[in-house]
Each structure stands twice: as C-alpha cells, then as structure tokens.
Amino acid sequence: MLPRNFFPSAHFISTIIFLLSNHFPVSILCEAFQNVECDFQALCDELGKIEYPFWVDGHQPAGYCGHPAFKLDCRGSKATIEIKNQIYAVISIDYEAQILTIALVLSHDFFRGIVCPERNATMNFSPFEYTSNTQNATLFYGCPPEFEHPATWDFPCLKDGARDHTYFVVNTSLATELSCKCRGGTVVIPVLSTTAQGFMNHSLDFHEVLDEGFEVKWTLEEGECRGCAESGGGCGYNWCLNQSSCYCPHKPYSTTCPTLMPPPRIAPTPTALYSPKSST
C-alpha cells in the first residue's frame, strides 16, 4: 500500500507506465494506483479552493484530481491555464454555471508596442465553448494611416520586423469595412460583449477590454460528480479509463461511494416466560 501522503508526479506516473507497460496489462497498472489520494483543499491565489474538473499542477497528483485539460498553474502572480498551446490568465471560475473567465496572456513586448500578435486566440472547441457574453474582436494590420474612426483603437507595433499601423475593432460592420482597406492580415481575439460595449461608448480602452478577458463554458458532464460529493466522496479522474472517478475514504469508485449498511441486528436470546414450580 502506498503511504497516505504519497502524491506521484506526472513524470513519475509516465515513467512507471513506460517501464512496465510492456510487461503488465493496463488494468494491473491502474490497480497499482488505487490508493492515491487527492488533496481536495488545494488553493490557488484569488480563486480560492479548487474543485473538479480543475486541479493544481505541483500540488495534486496529475491525472487523478482533475481532468487532464483543466490543469492550473498557480505558481505565478496570476493563475494560468494552457489550452491548445496558448496560455490564458484565469480571472474567475463559476462551478455552478460551469463558466470559466480567462484572458489572453500577451507578452510585455506587445504592450510596449514592440511586437504585434500574429496568432488567433479563438478557442471555441471541446471541452470549451463560448458563452453568449463572448464575441470576437479583431486586430487589423497594414491599415492606411489616414483611416480614422471613433470606434477603433489605433496603435503601432512591429510585425515581421517592420513598424505596422494596427487597429483594434469590436464592431462587426466596421470590421467588414476594414477588411477591404487593411492588407496586412488579421488576428481574432475573444472579448466579453459587455466590455466591447464599453469600448464602443469609450468607457473602456483597448487594454482594459483585453484585461477583462472572455467567458467559456466547459462541457463536461458534472452530474456524476455531484452524486459523488453527496455520497461523501470527492470527484477525480481515472486516467486509465479516461473518465471521472469518485474518490471515497477507502478507494475510488466509478460514480458514488457505496452506502455503508448497518450491521445486522442480533435477535435477543429468548427467556422463559415462567418457570415450573418444583414439586415438594
């Protein structure tokens, strides 16, 4: 049995699998980790207690406490999550509504007007999808310097080593107009619809819109995890079966912890109702 406080790292797990997978069935390898326990009190900066499907890298055992796609890095000044090789700052997590608010992490060179982003930040794919409060904004490159419009944010940056004239646009019709005038390409960045409105009425600037991020809804089925918690367990992930698992006091189960049945009642020994009188 593994020690109670044993938390294998991702490197440890992958090494064990690599060394043993040619000699033992996967079921035996999975059985070897049946006693791994999750610390369900993991904290992450301003996000507070982290719950399934999220898990904290370096604090909880990889592949057990949360879904592989929901790994949080809480070691910096701001919690981050990596999705399709793009880093996002985590602003808030609404577990009840299953909504994650994140913001694109841009380099300091971008904010100093040195480097232009060249990669779309769209991410409307499983296990995430945009909420109704998210829309796309567009960065246009190679725009004519004489173009002016109150609903844009004009700033210079370097693209392919050359200084470029760039516009940030949230209005769809204006984006269509600029697509005919700007010949240097585009980059799409999701933003909140509420902050886009603030940008349009000039109550928010370009940097503030990006800092507020955007919303995505995760699409994993959470019903089984609620049942697990109600049965006294904590929801984790079975990386062998690629599905959620319920961590119970003694070992993991597929969905819920078993109900402990009370011991059978032992009937009392019958006693005589009367004793026959002894003869004299």
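**Strands and helices**

Reply: Happy to! Helix H5 (residues 193-200) lies across S7, S8, S9 and S10, and runs at about 105 degrees to S10. Helices (H or I, at least four residues) and strands (E, at least two) are DSSP runs numbered from the N terminus; axes are lines fitted to C-alpha atoms, for helices over the stretch in contact, with angles from 0 to 180 degrees between N-to-C directions. This is a predicted model, where local features need pLDDT of at least 70, side-chain atom pairs count only at pLDDT 80 or more, and totals for chains, interfaces and linings use all residues. Residues are numbered from 1 along each chain as its sequence is written, and side-chain values use heavy atoms, leaving out hydrogens and water.

Me: Which strands stand at the edges of the open sheet of four strands?
Reply: The order is S8-S9-S7-S10, with antiparallel pairing; strands pair if DSSP finds at least two bridges between them. Each edge strand has a single partner, so one side of it lacks a neighbour in the sheet. These are S8 (152-159) and S10 (186-192).

Me: What angle does the direction of helix H4 make with that of S9?
Reply: H4 (residues 172-181) packs on the sheet, touching S7 (134-140), S8 and S9; contact means heavy atoms within 4.5 Å. Its direction relative to S9 makes about 155 degrees.

Me: In S11, which residue is the bridge partner of Phe 128?
Reply: Three bridges join strand S6 (residues 128-130) to S11, and the two run antiparallel. The partner of Phe 128 there is Trp 218.
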